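Here are my notes for your read-through. Please keep the model open beside them.

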Amino acid sequence: AANQFFLSEALERANVTAEEAATTGAEILVTVVWADENPSVGSPGVYPCNLDEDEWKSHCRPRMTFRRLDDPDPRAFSHGYNFRESLPLAPTQPPPGVEEEE
């Protein structure tokens, strides 16, 4: 399937060696964006897919990125345990009970 990968591939794409991960550990963020490979305008793979469409499976493919979250320096404060990540999410619909402005 298109969304399967080997651990070695994920580590490589996050710039982490297998020895480093085995010795000290590593927190890896895997981000998946479903990209439209057959958009009506623009370049393939650039625009996000509308997964509400009936035929999305025929032209949408996952695009994965891998990024290390923790500080690899063993001298860092709380190495491997103390990391924070904040990712903004744009809501597609207002929360329940909130009216959309027109």
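1. Core. The largest nonpolar core has six residues: A10, L11, A14, V16, M64 and F66. Such a core is a set of buried Ala, Val, Leu, Ile, Met, Phe, Trp, Tyr and Cys residues joined through side-chain atoms within 4.5 Å. Buried means under 20% relative accessible area (1.4 Å probe, protein chains only). Two elements, α1 (7-13) and β2 (60-68), each give two or more residues to this core. Helices (H or I, at least four residues) and strands (E, at least two) are DSSP runs, numbered from the N terminus.

2. Basis. This is a predicted model, where local features need pLDDT of at least 70, side-chain atom pairs count only at pLDDT 80 or more, and totals for chains, interfaces and linings use all residues. Residues are numbered from 1 along each chain as its sequence is written, and side-chain values use heavy atoms, without hydrogens and water.

3. Confidence. Mean pLDDT (the predictor's confidence in each residue, from 0 to 100) is 76 for the chain, and 70% of residues reach 70 or more. Among the elements, α1 has the highest mean (92) and helix α3 (residues 56-59) the lowest (83).

4. Strands. β1 (residues 28-36) and β2 pair antiparallel over nine bridges. Pairing takes at least two DSSP bridges. In β2, R61 is the bridge partner of A35.

5. R68. Is R68 buried or exposed? R68 is buried, at 13% relative accessible area.

Key:
Buried < 20%, exposed > 50% of the residue type's maximum accessible area, 1.4 Å probe, protein only.
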